Amino acid sequence: MLSTVSYPVTACVLRLLPSLRLIVSPSAGLNHIDLDECRSRGIRVTNAGNLNSEDVADVDVGLLIDLLRKISAADRWESSELGLLDWEALA
């Protein structure tokens, strides 16, 4: 079973899947999976670990630069203020 954070794997869900042997989570955390119930049923659980940590760090640095330099705010201002000008009338 592929499990995402959006759909928790509870004991109730596991009861409906008696032949389940493996749960894979593409995220780093496993708090959306009832690990005690999986252990008692012999279901193996694995996740992505820190596979995406470097990419997430890159995005975080980019967002920080955007925030500090106000790049998105300037883009919104330019789109709303300057976008209203009639450029053909100025030519």
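Q: Why is Asp36 called exposed?
A: Asp36 has a relative accessibility of 57%. Exposed means over 50% relative accessible area, buried under 20%, and partly exposed in between (1.4 Å probe, protein chains only); Asp36 therefore counts as exposed. The model is predicted: local features need pLDDT of at least 70, side-chain atom pairs count only at pLDDT 80 or more, and totals for chains, interfaces and linings use all residues. Residues are numbered from 1 along each chain as its sequence is written, and side-chain values use heavy atoms, with hydrogens and water left out.

Q: What makes the contact of Arg39 and Asp36 a salt bridge?
A: A salt bridge requires a side-chain nitrogen of Lys or Arg within 4 Å of a carboxyl oxygen of Asp or Glu. The N to O distance here is 3.0 Å, so the pair qualifies. The two residues lie three apart in helix H2 (residues 35-41), about one helical turn; helices are DSSP runs (H or I, at least four residues), numbered from the N terminus.

Q: Why is Arg41 called partly exposed, whereas Arg39 is called exposed?
A: Arg41 has 32% relative accessibility, hence partly exposed. Arg39 has a relative accessible area of 59%, hence exposed.
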